[in-house]
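Open the model in your viewer and keep the selection tool handy. We will go stop by stop.

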Amino acid sequence: MNLGDLSLFDLVGVLVGFGLTLMVFSYIFGDNVLFRSALHIFVGVSAGYAAVVAIYNIIWPQLIAPLLFGTQSERLFVVIPVALAGLLLFKITARYSALGNLTVAYLLGVGMAVAVGGAIVGTIFPQVLASTNLFEFSAGERSDNLWQFVKGATILFGTVVTLIYFHYGIRASSEQRASFRSWTEPVAWMGQIFIAITFGTIFAGVYTAALTAFIERLNFIGDFLLPMIFNL
Amino acid sequence: MRFKIPISISIVIGVGFIVLLGYFIDLPILVVMRQVLLQWAVALAAVALLVGLANLFNVHIRKVTERQKGAPYSLLLIVSLVITFGIGIIFGPTNEWSLWIFNNIQLPVESSLMGLLAVILVFASARILLRRVNLLSLVFLATVVVMLLGAAPILGFEIPGLHGSNGLRALIAQIPAVAGARGLLLGIGLGTIATGLRVLMGTDRPYGG
């Protein structure tokens with residue numbers, strides 16, 4: 001990146017990005033004014049941009065444009081969502097906020113149905129299918145099939161003990177903590193081991209992604225500072 | 001105001017079951033109704049985002065006008081929000097001014113926060129290990145070390161038994177990590193179904209019924 005080749009428009013952009021990067025990284029030395037300022041600017045910009053995208057890509061083409069410029073059938077089609085949107089806007093006021101509950105109920109109904117449908121079709125079925133597929137043996141070497149069986153049995157065992165870990169025999173109350181039934185306790189302990197390994201694997205993945213972003217930012221800072229230092 | 005409760009519940013139940021049935025029954029009318037209801041929900045979710053934005057704006061305006069703690073930060077938030085929203089509405093989200101804001105403010109802060117996570121995670125995990133050393137935390141740490149060291153050859157050198165398709169890293173990733181993740185996913189799926197059905201049957205009413 002040669003700063004001399006940039007237009008004023010881009011140069012200001014690089015300067016702003018550089019400043020904000022340093023402000024965020026100042027958190028390494030503890031919570032401070034610069035970090036908080038960068039965060040508040042970020043929240044404001046993100047919220048503003050998200051709203052603009054929502055208006056341009058969804059609200060205008062799907063609600064307002066059909067209502068104002070659409071055919072008779074298009075107008076009829078958007079009458080209900082426009083009415084529900086109007087009711088939702090009452091949520092801004094404290095006094096008439098309850099009027100927006102109808103729209104919230106609609107969104108929850110659709111959202112929950114999508115969540116339940118998605119959980120069944122997208123999680124339960126594929127995971128159960130993948131568990132049964134582990135025991136599909138090929139007509140190859142016997143040792144390969146034995147290894148496949150050991151692998152499948154371990155995964156099945158790990159899946160079951162992990163699920164058992166989340167099963168408590170007695171409900172938690174103000175006087176008593178939730179506890180396992182006596183026979184599930186050792187099994188649930190093994191489930192915890194599998195969960196610890198899974199979280200360790202996920203942590204390593206997240207850490208690698210974070211480290212990549214960290215290196216990219218350091219590279220950006222280097223690209224910005226090094227030409228200035230060597231031009232002096 | 002009493003009549004509102006049954007209306008809200010009947011909306012949740014009616015809309016929810018039409019969408020849910022549309023997933024499993026291949027009836028053309030159900031599929032079309034599901035698509036229409038989903039399309040309306042997407043539009044309403046966008047309006048809900050605007051309501052959230054208005055609420056954010058109100059909260060921070062109140063902080064500034066009442067000179068509460070953190071008012072200068074709230075002012076920064078409001079100014080950045082108004083400028084971004086104004087420029088975006090006038091010129092559009094793909095205009096060079098809007099993209100300038102996105103590329104030079106939002107993206108650097110996002111990736112810097114992600115980068116900061118690399119530093120914070122090291123401190124946080126070290127702190128947890130110092131405070132509570134038990135078998136589970138040791139298993140967690142050992143897994144992290146194996147997964148990170150085995151991710152790529154170290155200075156071009158592959159450690160036998162760690163790297164490669166038959167190494168320890170691949171073994172952990174393919175067997176115990178899959179088992180735990182599958183158990184967690186099934187648990188989340190079952191929990192989602194239980195919670196969803198409670199709302200769809202009107203037992204839980206988070207919409208104020």
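Start where the two chains meet, remembering that this is a predicted model. Select the contact: 92 residues come from chain B and 93 residues from chain A. Which helices of chain B supply residues to this side? Colour helix 1 (4-24), helix 2 (28-65), helix 3 (71-91) and helix 4 (96-131).

Next, hide chain A and look at chain B by itself. Count its elements: seven helices and zero strands. From the N terminus the order reads α-α-α-α-α-α-α. Chain B is more spread out than a compact globule, because its radius of gyration is 26 Å, well over the 17 Å that the globule rule gives for 209 residues.

How much of chain B is buried? Of its 209 residues, 31% count as buried. Look at contacts in chain B between residues at least 6 apart in sequence: 23% of them join residues at least 24 apart.

Last stop: zoom in on helix 5 of chain B. This helix has 15 residues. From first C-alpha to last it reaches 21 Å, close to the 21 Å expected at 1.5 Å a residue. Which residues of helix 5 of chain B are buried? Select Phe140(B), Thr143(B), Val144(B), Val146(B) and Met147(B) to see them. As you check their directions, recall that an α-helix has 3.6 residues a turn, so residues three or four places apart point the same way.

Technical notes: Residues are numbered from 1 along each chain as its sequence is written. Chains are lettered from A and ligands numbered from 1 in the order in which they are written. This is a predicted model: local features need pLDDT of at least 70, side-chain atom pairs count only at pLDDT 80 or more; totals for chains, interfaces and linings use all residues. Helices (H or I, at least four residues) and strands (E, at least two) are DSSP runs, numbered from the N terminus. The radius of gyration is taken over C-alpha atoms; the globule rule is 2.2 Å times the number of residues to the power 0.38. A residue is buried if 20 or more other C-beta atoms lie within 10 Å of its own, exposed if 12 or fewer, and partly exposed in between; C-beta atoms are placed from the backbone. Two residues are in contact if their C-beta atoms, placed from the backbone, lie within 7 Å. The expected span of a helix is 1.5 Å times one less than its number of residues.
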